[in-house]
Amino acid sequence: MNQYDGRKITIILIVCVIAIIYVIRLFFLQVVNSTWKEQATALTEEEIPLYPPRGIIYDRTGKMLVTNQTVYNLMVVPKKVGAFDTTSLCKLLRIKKEDIDNLFAKARARGEFHRPQLLVEQITPSDYAAMSEQLYKFNGFYAESRTLRVYPQSVGALFLGDVGKISPEEFKKKPYYTKQEYLGKSGIEKAYEEELRGIKGINYAFRDNVGNIKEQAGDKEDKPATPGTDLVCTMDADLQAYGEKLMQNKRGCIVAIEPSTGEILAMVSAPTYDPNLLVGRIRGHNFNALNNDPQKPLFNRATQAQYRPGSIFKLAQSLTALQTGAITPQTRIHCNRGVIGCHGSHSNDDLEMAIVHSCNPYFREVMHRVVEANRDKGSRFRDARLGLEIWQGYIKQFGFGTDVHCDIPGVKTGSVPGVSFYDKWYGKEQWAFSTIYSLSIGEGEMLVTPLQMCNMACVIANKGWYVPPHTVKQIGLGGMPREEYMKRYQLDIAGDYFTTVINAMEKVLQPGGTAWRAAPDGIVVCGKTGTVQNAGGKEDHAVFICFAPKENPKIAVAVYTENAGFGGTWSAPVATLLIEQYLNDSIAESSKPREKIILDANFLDR
Amino acid sequence: MSSLRQHPLANVDWLTVIVYGIMVLFGWMNIYSAAVVDSNPNPFDISQEYGKQFMFILISAFLAFLILYMEGEFFNKFAIIIYSVFILLLGLVLVVGTTVNGAKAWIQLGGFALQPAEFAKIGVGLMLAKYISNTKTSFNSWKPRFMAGLIIGLPAVLILLQPDVGSLLTFVAFILALYREGLSGNILIIGLGAVIFGVLSIITGFNRIDYPYFGEQSGVFILMSIVFVIGTIFMFLIRNFVVPRNRRKLYLITFLSTTAALGFSYSVNFMVDGVLQKHQKTRIYVTLGLEEKEEDRDAMLSDTETAEAAALPAKKKDDPGYNARMAKIAVGNGGLIGQGYMKGPMTKNKYVPERWTDFIFSVISEEWGFFGSFAVVALFVFLIVRIINMAERQRSQFSRIYGYCVASIFFLHLLINVGMVIGLAPIIGIPLPFMSYGGSSLMGFTALLFIFLRLDAERLSVFR
């Protein structure tokens, strides 16, 4: 024993103090502070998204309209590329040496030299098959499969819509997507994006310290991708194809709806184009060509063009006037051509014959009686304000001035001018019926879309109600449409009033009517022609709406042909041919001459 | 007490042997986890680190038994010779050694390489024990201090020539053993003071400051000015408040300590700035949090892109804090119960540097969590305290001193190795005893420990 024996305690104390400091530090690192774990996860884990196949779209008869095809993107990880035979690789991939050099330089600048870079996009399966035999020789190059849309029927481009890379604005708004993802841009693809896209899966993988991805998850279980839901759309592919054929060499559009369900059977916007043009590597080139085409093939005239309706609007006028009590079916009005012109020989029609003859003075007076009904005894101007308010309420019930509650993205609402519109235009109490009478015959400030025109035909066919026009019949094969497309919008107009209008429309296609030449054999079509004048001496727009058969209607059609001439001559035959095709599945011999005239017609240069 | 020769394994402290066994096998398990690749999972594959380590374990076990079957007296008698042999080896390595990681530290023997520095500690321990027990010194004169310094310094200088700063640092451990034998306690206080003052010097010296009149100079001069002012104030305080007969001594102490402090901080700054190699300098700066603002980086790292950037190999090269940070992240990722054996993402994806050697503690911490890392620290503390207690029960001073040397070496390795993993010490490449991969270190530590166990087994029959 000596005097230094106590130093054992000092030394043990030093050891213990250090150990305690270390254990406390460990406790803080491992248990208290969770940021280290977050960092470890950020470093080591990679969430590889698994993209599900997009839903397939069928037509109402079961034909496949939109499906997926596999293409290959050729990727390269610059860091892994060893020495290689540049010439043979370039020959194999059909690229230039500079392309590779540029890509590598870009990757280096971005600090992504170890990350996969896209070298060649969307190689077709047959091209890829030829490449893949050779590709293994080149380290760092590999192919990734992607899917593209393909359209086996080549019809209904705007109806079906397209799929494209997400835009920066969309990316900000929609957290579901990554920067490089594709999503529906228009049509059904956009409206039913959430159904079609399915649910992305996640493959949890590890990333090692040099950036290699190991396809082996940790404890987290991978989430498999849920494939997109298949859709049955309301379109009849044969009808659509026939409609597109009839509208060849014309500008304009067709909308055909099944009145009882609101299902859009065909929607043609001419000139049309093959949707397959806007897919894959050719997309960019073709898109520019279509976008620069003065005929505007990418513009969906059926839902976005806003036209003056012309004479077909007299149908809505008649029903509004009957419901408000301004006239009865028996009301006769003298065809006074002093204020407003007319055509044909008639002088004192009742309502039915006024519709058949499309008598302008008659409907001017009809609207006069609706708008100026002496509701305000003091002032003609205030009276007109009250009357126009009522009138506008009825007109809007037909769907005019609204989106008709349809599921098509980007529809225009058109315009039903009301009190505030004219107050702004002329000043308060500065206008009366005499100022706005051109509304009465569907001219003036009134703007409607062809979809709305067809919807009016549906309202008449159903005698007072409509189901919102929609494009998808079944979500999931055998499924239901969205709930909002199963309910009726009931108009505030008594069913009996429709009988007069329908009888008149029947006569339009009988000898003496404005569209009698277009009537097909054996089918009772009820229709109304319109001829919309154009400023600047251009040819009139030809308009026609109709439905058939008269009893238990199966189809309503609106046809708008720009700069064609008389509605009865150029649009009515298109509509009746479609009806024939739809109801009989064929065109009768007696209708062939009409078909030939339409097919031969060319109004593109007008 | 019978004078009959007992069985060699009688009186061996089996508890220590069991702790040793646990550490070695647990270390091997974790080396396997750190080094295994899926394509080659055979733990005994001799071409892989874990297979080699298994072989080292077998050799070490053989060595341990060999030592236990020897006479303890041998180590006392041959201490000088053993010491000399290791000094010779350290000299030899400078001539014929192979260079790994910048240090000429390895002697190639067939397929295997020996690192004499790992064995030299045994020689120094034995030699110190021999010298002190022979002279019965308690270091109150300069000669024994000088002799002890020479015994430690000779191999230290040879190791510095390799140069292997890590191994060199472990020789500091012997001061604890000397302290136990009577070296003034001031050495510990001065040591602690030097560490604190040194850190201050490095921190202030890290920045260059634009001084009035002198232009841009190292910031350490601010610290030196403060020291000078404090010294001067003390001088005045002594003149005004201390009785004259005591003044002379206090003046001297104040003058000497102020001068020493000024000289020390200047030379630390000079060392760091002028003598140390760039990577060593950087390691010190990183540990002191100067080279990069760690907290800022941590905040940025939560962003995936930055995390990816951190993973870039290019980034790694010019990121001085990379290894330290990865080690810390791996430790933190362990949590309370760990990611599970063979399942540590930082380990498995090779983020942890030097996984099976110097940073094996990171691997253990990630896969076994706080429980595991605590257990390892506790096991070491248990071993060290046990050796100290065993040393204290020796009748032979030789055995006691050697025991303290062994405990001190284990302690210093624990201090530096675990400290660097958890970010409390600079990155200094020394192994965690019994657990890090490496034949030289495992055999060296085994011999170090089992020589003491042999000496301890003879404690009842030997007076030296």
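A crossing of two helices is called left-handed if the near helix is turned anticlockwise from the far one by less than a right angle. Keep that in mind for the first views of this predicted model.

**View 1. Helices H4(B) and H6(B) pack side by side as a pair.** Here we're looking at H4, residues 79-96 of chain B, and H6, residues 142-160 of chain B. Their axes are 9 Å apart and meet at an angle of about 20°. Angles under 35 degrees count as roughly parallel, so H4(B) is roughly parallel to H6(B). As for handedness, this crossing is left-handed.

**View 2. Residues from both helices make the contact between H4(B) and H6(B).** On the H4(B) side, look for B:Tyr83, B:Ile87, B:Leu90, B:Gly91 and B:Leu94. H6(B) brings B:Leu150, B:Ile151, B:Leu154, B:Pro155, B:Leu158 and B:Ile159. Sort the residues of this contact by type and you get 10 nonpolar, one polar and no charged.

**View 3. Chain A is divided into two parts, domain 1 and domain 2.** Domain 1 covers 47-233, while domain 2 is made of 237-287 + 306-600. Taken over C-alpha atoms, the centres of these two domains of chain A are separated by 45 Å. Where they touch, 33 residues come from domain 1 of chain A and 31 residues from domain 2 of chain A.

**View 4. Domain 1 and domain 2 of chain A bury area between them.** The size of an interface is often given as the accessible area lost when the parts come together. For these two domains of chain A that comes to about 2,800 Å², 59% of it on carbon and sulfur atoms. Which residues of domain 1 of chain A lose the most area to domain 2 of chain A? They're A:Arg60, A:Phe159 and A:Tyr192, together giving 25% of what that side buries.

Notes:
Residues are numbered from 1 along each chain as its sequence is written. Chains are lettered from A and ligands numbered from 1 in the order in which they are written. This is a predicted model: local features need pLDDT of at least 70, side-chain atom pairs count only at pLDDT 80 or more; totals for chains, interfaces and linings use all residues. Side-chain values use heavy atoms; hydrogens and water are left out. Axes are lines fitted to C-alpha atoms, for helices over the stretch in contact, and angles run from 0 to 180 degrees between N-to-C directions. Helices (H or I, at least four residues) and strands (E, at least two) are DSSP runs, numbered from the N terminus. Angles under 35 degrees count as roughly parallel, over 145 as roughly antiparallel, 65 to 115 as roughly perpendicular and the rest as oblique. Contact means heavy atoms within 4.5 Å. Ala, Val, Leu, Ile, Met, Phe, Trp, Tyr, Cys and Pro count as nonpolar, Asp, Glu, Lys and Arg as charged, and the others, Gly among them, as polar. Domain bounds come from an automatic or database domain assignment. Buried area is the accessible area (1.4 Å probe) that two parts lose on being put together, summed over both.
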